[in-house]
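Hi,

Here is the structure I promised to pass on.

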Amino acid sequence: MTDELMRSDAPRSYQARFYRPNSGDFEVVSLRVEGHTLVTATINGDQNYELSDLNLELTGQEGDKIRLTHVPTGTSILCTDKHLLVDLQQHGGHGEIGRVAKKAHRELGSLPFRNAAIIWGIVGTIVATIAGLIFGYDPLVNLAMKNIPPSAEESIGKMYADDEKLDQKSEEWKRVDRIGKKLVSKLKNNPYKFRFYIEDKDEINAYAVPGGTIVVLSKLVKDAKSDDEIACVMGHEIGHVIHRDTLRRLMHTGGLGLTLAIISGGMISNEQIKAFIPALQKLESLNFSRTQEAAADKTGIRLTVLSGYDGAAMIEFFQRLEKDRPQILKDALAIMSDHPMSEDRIKMIRVENAKAKALMKQGKDPDLD
Amino acid sequence: MRYEVIHPGSNALVQVHLDPYEHIQAQAGAMVSRSEAIQVIGTLTGGMWRSFKRSALGGESLFFQELKAENGAGEVMIAPAVPGDIKVLPVTGGQDYYVKNGSLLASFENVTIDTKMQKISRGLFSGAGLFVIHATGTGSIAVSAFGALIEVPVPAGQKYVVDNGHLVAWYGDMEYRIVRGGKSWISSVTSGEGLACEFTGPGKIWMQSRNPEAFGAWIKTFVPTGGGVSIF
Ligand SMILES: [Zn+2]
């Protein structure tokens, strides 16, 4: 190689950590690249490795460690000096190691940018904390929400759906899944992968988990007189999902620490998750604000009509529910519940249903936001 | 400078002999005693910004105290708040260490300590705590455990799983990802099996025989409630 001939100076040496196979202990060694070999100087003398026998990768928590594995023996050599990559690039030539070294060198070059992002995360946290003290908690939750991608929301949903009590096999489930799929197929720009489940529970209800998991309680499916009724309820829950209502609620319950961790892109401790889990376990009893409920109703009815179901079925369903409820419970609910009063709700649903149908007749789609 | 762990086991402390003008960094409040020659210097180690990061975000006290032999040779003793063992780990060969928040008792010679914020790179629920202490340079660090301190070497390519609450320190050469202890994420956290870190060798891990979070929860069962809620 020409550049090798031109080099009159001694090869550069690097401090490295030498791990023998089957050992977690290292020996400090000095490395140098000579021709097509990597020479490691240990206390017991030099040891040579053919460059073509080495496997190179970036490792460590920050991805800033160069790890060379000698494939035939399983010996690992770790080094932090990125100039080693330049040497490997030059001496590895067109071989695999030269190519990988070039790529790794480029990756390491972009690391400072990543560190800058971390610093900004810290600054962001401090600014957000101060903002929180001045403006209260809600703007912080909104800010944090912006930093939660739908994929992260989905991972919360998956955590929940891990629970074995949920059914995704029975005939009832197939019905719910079919209706749900029909509804979500009408959503535009939908970032969520919806999943539908049935939970065995003697209660007429349904709830939404962040990220597109919707759980319908078994009694609701049994008591529903038509697919339209199920579609209305599911449309309402889909409304909660796309408005990210459950997530917002959970953020409030999860506390400031969790919110800040999300804003800053930080790691979350077990303690913070523990604060969050009880709320996640009682998802079905989370109360949304009346505004959130009304918005979910609106989106739900429009989606239901758009999917070819009758939005008026929601009203029948409500009225049947009301009749089944003892008066005293009705009064209690009216005082305590954040759900809009049934009368107002029915009126709104009737209007939305009619509006959506009229639009459809003119060949237009109702707005789903 | 000479340092050694005395009374190893559940009542361990570190005894340090300093030659004139030598100094160490110790967790604030960890000093047990000092001889006349030793001065406690409240410098903001690593500058104002680093100290602020540590205190505001790392849960460490504002000062990592500097203990310096200003007036001749002297001796200082340091101990952690919790009952448990201490080990002095060498920082050498470019090997850096990550230490769980609060477990770094002191650093000796040319070791720089900094707070690293962990990134949510593997999904939302990753976590040995938001921030960990990163030690680099040459010298030694003293890490303290709640209970016994167990060293586990992990050969190259092998994996080893440690519960988050038991984790103390690990080589920077290692990579880890978060895994769950129980069947599901929810059962992991509620069953107390918690989240765990799965490390990939080569490298070494140090863990403590008792989990402070679990211990705290156990103590709480004897304390009448009515206490406040922690928000961070
Ligand atoms: Zn609702």
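B:F215 sits in helix α3 of chain B, residues 212–220, and counts as partly exposed at 37% relative accessibility. (Buried means under 20% relative accessible area, exposed over 50%, and partly exposed in between; helices, H or I of at least four residues, and strands, E of at least two, are DSSP runs numbered from the N terminus.)

Before going on, the ground rules. This is a predicted model, where local features need pLDDT of at least 70 and side-chain atom pairs count only at pLDDT 80 or more, while totals for chains, interfaces and linings use all residues. Residues are numbered from 1 along each chain as its sequence is written, chains are lettered from A and ligands numbered from 1 in the order written, and side-chain values use heavy atoms, leaving out hydrogens and water.

Now to the inside of chain B. Strand β17 (residues 203–208) has 6 of its 6 residues buried, so it is largely enclosed by the rest of the structure. B:G203, B:I205 and B:M207 point one way from β17(B), and B:K204, B:W206 and B:Q208 the other way. Strand β12 (149–154) of chain B runs antiparallel to β17(B), joined by 6 bridges, with B:L149 opposite B:Q208. (Two strands pair if DSSP finds at least two bridges between them.) Strand β14 (167–171) of chain B is also antiparallel to β17(B), with 3 bridges, and there B:L167 stands opposite B:M207.

Elsewhere in chain B, 4 strands form an open antiparallel sheet in the order β1-β2-β7-β4. Its edge strands are β1 (2–6) and β4 (31–34), each pairing on one side only. β1(B) and β2(B) (13–18) are joined by 5 bridges, and B:R2 has B:H17 as its bridge partner.

Over in chain A, A:H70 belongs to strand β6, residues 65–70, and is buried at 8% relative accessible area. Beyond its neighbours within four places in sequence, A:H70 is in contact (heavy atoms within 4.5 Å) with A:Y49, A:D53, A:L54 and A:T75.

Cheers

Key:
Buried < 20%, exposed > 50% of the residue type's maximum accessible area, 1.4 Å probe, protein only.
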